[in-house]
Amino acid sequence: VRGTIEGEIRDGLPGALLPASADADARTDISPDLAQVVNGRLTAGITASGRLRFVRTRDGAELLAEVTPHFTSPPQRRYAPTGRGAGLHHTEVLFDARDGERFYGLGQHQHGRLDQKGAVIELIQRNTEVSIPFLVSSLGYGFLWNHPGIGRVELGTNGTRWVSEASRQWEYWITAAEEPAGILRRYADVTGRPPLLPEWASGFWQCKLRYRTQQELLDVAREYKRRGLPLSVIVVDYFHWTRQGEWRFDPGEWPDPAGMVAELDRLGIKLMVSIWPTVNPASENYAEMTDQGLLVANERGIGVHLPFWDKGSADPVLVSYYDATNPRAREYIWSKAREGYFKHGIRAWWLDECEPELRPEHPDNLRYHLGPGLEVGNIYPLLHAKAFHDGMAGEGEDEAVLLCRAAWAGSQRYGAAVWSGDIDSTFEDLRRQIPAGLNIGLSGIGWWTTDIGGFKGGDIESPSFRELLVRWFQFGVFCPLCRLHGIRQPVMMAGAEQTGAPNELWSFGAEAYEILRRWLGLREHLRPYIMGTMRAAHTEGLPPMRPLFLNFPHDEPCWDIADQFLLGEDLLVAPVATERARERSVYLPTGADWRDAWTGAPLAGGRWLTAPAPLETIPVYVRDGGSLEPFGGLDRFGGGAG
């Protein structure tokens, strides 16, 4: 559905939708009072007064309708000039609210809500806040606001309002299905499905802020292997480079990247490298990129966007972002990454800072190749991921895994995996990650993870933090991707020499280590099952990590439970996210019978229970008759030597 106050509808504006299928079997019915398009389960109608309404075809039940304004009030579609260029308008589209309707999706947010009815969600990319303007309604429809600009959605009790700060026209896509899984399948049809996750990526990822040298990183990898601990990926974080915008290892600290990759390959470990889209004016590429117009420009002032530390400077420097919306700039950054990393054997990429992060946050001051910042800014992380996906494909590589801090609608088709950003090391933040992960999964991003233990804070000698780390690790074992990361305390001052405290499995005391290594063994045990959930994401667009209602839509309590989730079809997980808790309430959905994953005890669905949760375990249940058997005791998953 598209509309504008301008003289004509435009094609070719940036958006999330793939080319439309030509096999739609739709019909139109036009009368003096009503024009309708009937397309499968959904019928769209517009009255003679101009009001749009969407109903379920089989019974005429209303799903979504524009407001009916008073004849002296502003209309349901509103426009105001922005003064920022010809054709750009502040645009609003208003819909009626429905009592009892719930809203899910909309990317990843830190408000701690699963159902977002009543919330105001800003449509802007920020660290920890991922803007994907797609929602799933409990009434049986999915809605994509197909506009990559800055705005907001107000999910009020008295109306729903979609707002774009600067647009040439408004556009949305809507679908209907009998169950929410059908909505997600249709959404994946039009925005793309993720590739099949490479098997190596389903294992454990070791990361910290930061390994400063090649020797330090290899020592950690060797120690994992000496202890017999499974390790699939180890990560090189920032400041491994010479300068931001040069995209290559500092040879003084990383003298033999190819040799490092070769040794890790022999150990069965992949190396992932952090790539920033920032360019230091002192870098060797800055002048060329400026001359060729490959950097994001500013409407006012000079073209710098972020003060940050870098090699060669004791104080923060003012860096610019390369323009990911420019195809030539995408080719350029890949050419540098190919020379600096790919030729050494690196095939996994951590695309950090890809919102892009701005200080101050003035998206109205940005001028991209694709258009003004207010009009196109949210699409940056998608096109940045496309640069590396397409670059890998051009080298004959079909296993692109891109760990991104931001995403937009359709990012999944480029192999984007999202983590929840620089969150705090607190139980409160752990609780928030559960609905955050569920909602981004409902937004199309099935490859998702967190910094296990949180990113900021966390004294590794503190009993409180060690308990948090254990509880977070237990949650992380059942996340689509399992990655330990964080800055930790004590920490050096910020800057190019920054490094946090130790952050390996054995860094948190003997008691925690004995628990963690067994949980790591459980993750290894689950990997074939996890890969099955990844195949469902690849073929159907269904997320591995799911709210209960996705599999049990007819069980009313499942629509409100934000602190439990399903991993695929057969595992129900109830994380413990409260300090010193040693039991928790759990709901087992009706429509299935269950078994306690630890004891094998049978349990009927459709009831609440109080489950024990000693520090060593959390409540986990296996669907009876599914593909998984109960685990048995945790001790069977040794995960390596003490």
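Why does S131 count as buried? Its relative accessibility is 1%, so S131 counts as buried (buried means under 20% relative accessible area, exposed over 50% and partly exposed in between, with a 1.4 Å probe and protein chains only). This is a predicted model, in which local features need pLDDT of at least 70 and side-chain atom pairs count only at pLDDT 80 or more, while totals for chains, interfaces and linings use all residues. Residues are numbered from 1 along each chain as its sequence is written, and side-chain values use heavy atoms, with hydrogens and water left out.

**Overall build**

- The protein contains eleven helices and 37 strands; these are DSSP runs numbered from the N terminus, with helices being H or I of at least four residues and strands E of at least two.
- Along the principal axes, the C-alpha atoms fill a box of roughly 80 × 70 × 40 Å.
- Among the 642 residues, 60% count as buried.
- Of the contacts with a separation of 6 or more, 71% are between residues 24 or more positions apart; contact means heavy atoms within 4.5 Å.

**A run of parallel strands**

- Strand β18 (residues 270-275) is joined to β23 by four bridges in the parallel sense, and V273 has W349 of β23 as its bridge partner; two strands pair if DSSP finds at least two bridges between them.
- On its other listed pairing, β23 runs parallel to strand β26 (residues 401-404) over four bridges, with A348 opposite V401.
- Three bridges link β26 to β27, again in parallel, and L403 is partnered with A417 of β27.
- Strand β27 runs parallel to β28 (residues 448-449) over two bridges, where W419 stands opposite T449.

**Covered faces**

- In a regular strand the side chains alternate between the two faces of the sheet.
- Strand β23 (residues 348-351) is covered on both faces, with A348 and W350 buried on one side and W349 and L351 buried on the other.
- Strand β27 (residues 416-419) is also covered on both faces: A416 and V418 are buried on one side, A417 and W419 on the other.

- S131 lies in strand β11 (residues 130-137).
- Beyond its neighbours within four places in sequence, S131 contacts E122, L123, I124, Q125, N378, A407 and W408.
- L294 sits in the loop between α4 (286-291) and β20 (297-298), and it counts as buried because its relative accessibility is 1%.
- Residues up to four places away aside, L294 touches M289, Y322, D323, N326, R328, A329 and Y332.
- P327 is 33 residues from L294 along the chain, and their C-alpha atoms are separated by 9.2 Å.
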